Amino acid sequence: MTAPETPVLARVRAGQPTLWTNPDYAPEPDPEAAAGLATAVADWQAIAPLLAALFPELGPAGTITSDLIDIGALRAPLGYDTPAVGPLLLKADHALPVAGSVKARGGVFEVVMTAIAQARAAGLLRPGESPAALLSPQARAFFAARSVAVGSTGNLGLSVGIAARALGYRAVVHMSADAKAWKVERLRALGVEVVRHAADYTSAVAAARAASEADPLSAFVDDEDSELLFRGYSAAARELAGQLDALGLTIGPERPLLLYLPCGIGGAPGGVAWGARGMFGPDVHPFFVEPVQSPSALVQMARGVEVPSSVYDLGLSNRTEADGMAVATMSALVARRMTRRLAGVFTVGDDDLLRSLALAHDTAGLRLEPSAAAGFAGPHFTALSPQGAGFRARHLPPERAAQAVHVVWATGGSFVPDARFRGFLDAGRALGTSLDFSRT
Ligand SMILES: Cc1ncc(COP(=O)(O)O)c(C=O)c1O
């Protein structure tokens, strides 16, 4: 017998903006995540000389980092001009170098770490030798005989394709029907082979996996189940901590941190949330954000991580302008890791994504893609909405509300071609400035 549907899932089924708070949520010190974060930071440091050589835009430091921006100008338009909402900041991964999205943190990391492992196994890189040795003609010839494959809605394909081509690999990107044409064109211009699938993201990943497994010289970046991607994303938490300290907003029991992380398969937000738990212990509350038609993490986490769940089970379409989040089934790896670490998940309608995108541009000069505009609803759900009353009672008492720092993670957009961006902007402006989520 199936359990009766909860009121939250009934809202989700109806396509309403919804907050689900995690009943198993346990913000606490997390030595496992802290150790994982330390490894991730050390790995990024080790590959920095190679990254500096591969991508001159990174400068001599070879770091892939983004700014943390004060978006106080957006408080009034978003309805956050109240002491109930503390400092409002935006993590500008939409402008990350190399790939123009949060996927640069995972995809570039996994490709480079894979290259290092392959070169070590082949005796092309000796223990203790700088990974910059991978730039040698011998190493390039070695990579040219191999390929890297990935299935993607677009941005992971861009980041993996760019990194793989930079090292000299053949790169094959399998893209779902949701992938935008400009992402396909950009990849092809880099010499990446793009295989387009008529079906959704899950099918594209399955096809990519099968094709890659049939080729012993192909390495597969498995977006649904990758330790390396997860680790790559997680290091962002260390970067964020340094930036918050520099702004005088050091996180602690009196000043908690709320993170709003756009979610597709879950790797990027999961990795960042994991790193943040390692960095800030009990003082961070990570939330995932999803489109109302693609709430794969919400459905999976709400039903329990052991029950494979899809948004199609609830009669949802998985259709959204937020192409990076058009995912019907969450990663099982991420779901397990988030069981006690994720504070909750909320959903946002496509009209609000476009309205928020236009507001972010017109008020703060930001260039976001629709996926990246999802997090702006976060302070509403956690600090203001009746749906967040239970969360506030347990984790955000009124005396701490004005200090709590809200970070909207903007995950992509700077690579969007002008004409496409103009289209999003016009559509968002035409919808007006009244946000649907603010009435929930
Ligand atoms: C712009 C953007 N935001 C968020 C995400 C979600 O990341 P993940 O699929 O790892 O959950 C993606 C994924 O491609 C993306 O492209």
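I started at Ala-219 and listed its contacts, skipping neighbours within four places in sequence: Thr-114, Gln-118, Ser-147, Val-148, Ala-149 and Ser-212. I was working on a predicted model throughout. Ala-219 sits in strand β7, residues 218–221. Is Ala-219 buried or exposed? Its relative accessibility is 15%, so Ala-219 counts as buried, since the cut-off for buried is under 20%. Ala-219 and Pro-27 are 192 residues apart in sequence, and their C-alpha atoms are 36 Å apart in space.

**Domains**

Next I looked up the division of the chain. I found domain 1 (7–99 + 229–439) and domain 2 (103–225). Their centres, taken over C-alpha atoms, are separated by 26 Å. How many residues does each domain give to the contact? Domain 1 gives 44 residues and domain 2 gives 38 residues.

I then checked the UniProt record. An unreviewed entry there annotates residues 87–379 as "domain: Tryptophan synthase beta chain-like PALP". I computed the ends of that span: the C-alpha atoms of its end residues lie 10 Å apart. The span is 43% helix and 15% strand.

**Lys-103**

The unreviewed UniProt entry also lists Lys-103, as "modified residue: N6-(pyridoxal phosphate)lysine". I placed Lys-103 in helix α4, residues 103–121. Its relative accessible area is 14%, so I logged Lys-103 as buried. Which residues does Lys-103 contact, leaving aside neighbours within four places in sequence? I noted Val-108, Asn-155, Leu-156, Ser-159, Asp-223, Tyr-233 and Ala-268.

**Positive phi**

Most residues other than glycine have a negative phi. Val-98 has a positive value, with phi near 75 degrees. I found Val-98 in the loop between β3 (88–92) and α4. Val-98 has 5% relative accessibility and therefore counts as buried.

Asn-318 is also a residue other than glycine with a positive phi, near 60 degrees. Its place is in the loop between α12 and α13. Asn-318 has 3% relative accessibility, so I put it down as buried.

**Met-330**

I stayed with the loop between α12 (296–303) and α13 (332–338), where Met-330 is found. I listed its contacts beyond four places in sequence: Ile-265, Phe-288, Ser-296, Ala-297, Gln-300, Met-301 and Ala-335. I checked one further partner by distance. Met-330 and Phe-346 are 16 residues apart in sequence and 15 Å apart, C-alpha to C-alpha.

**Helix pairs**

Two packed helices are described by the angle between their axes and the distance between the axes.

α14 with α18. I took helix α14 as residues 350–364 and helix α18 as residues 418–430. Their axes come within 7 Å and cross at roughly 105 degrees. The two helices are therefore roughly perpendicular to each other, because crossing angles of 65 to 115 degrees count that way. On the α14 side I noted Leu-354, Arg-355, Leu-357, Ala-358, His-361 and Asp-362. They meet Phe-421, Phe-424, Leu-425, Ala-427, Gly-428 and Arg-429 in α18. I sorted the residues of this contact into seven nonpolar, two polar and three charged.

α6 with α7. Helix α6 (residues 155–167) and helix α7 (residues 181–189) have axes that come within 10 Å. Their crossing angle is roughly 10 degrees. I counted three nonpolar, three polar and two charged residues in the contact. Asn-155 is also among the contacts of Lys-103.

α2 with α11. Helix α2 covers residues 31–54 and helix α11 covers residues 267–280. I found their axes within 7 Å, crossing at roughly 105 degrees. That makes α2 roughly perpendicular to α11. From α2 I listed Glu-32, Ala-33, Ala-34, Gly-36 and Leu-37. In α11 they meet Trp-274, Gly-275, Arg-277, Gly-278 and Met-279. This contact divides into five nonpolar, three polar and two charged residues.

Technical notes. Residues numbered from 1 in each chain as written. Predicted model: local features only at pLDDT ≥ 70, side-chain atom pairs only at ≥ 80, totals over all residues. Heavy atoms only, no water. Helix = DSSP H or I, 4+ residues; strand = E, 2+ residues; numbered from the N terminus. Contact = heavy atoms within 4.5 Å. Axes fitted to C-alpha atoms, helices over the stretch in contact; angles between N-to-C directions. Parallel < 35°, antiparallel > 145°, perpendicular 65-115°, else oblique. Nonpolar A, V, L, I, M, F, W, Y, C, P; charged D, E, K, R; others polar. UniProt positions renumbered as here; feature names shortened; annotations may be inferred. Buried < 20%, exposed > 50% of the residue type's maximum accessible area, 1.4 Å probe, protein only. Domains from an automatic or database assignment.
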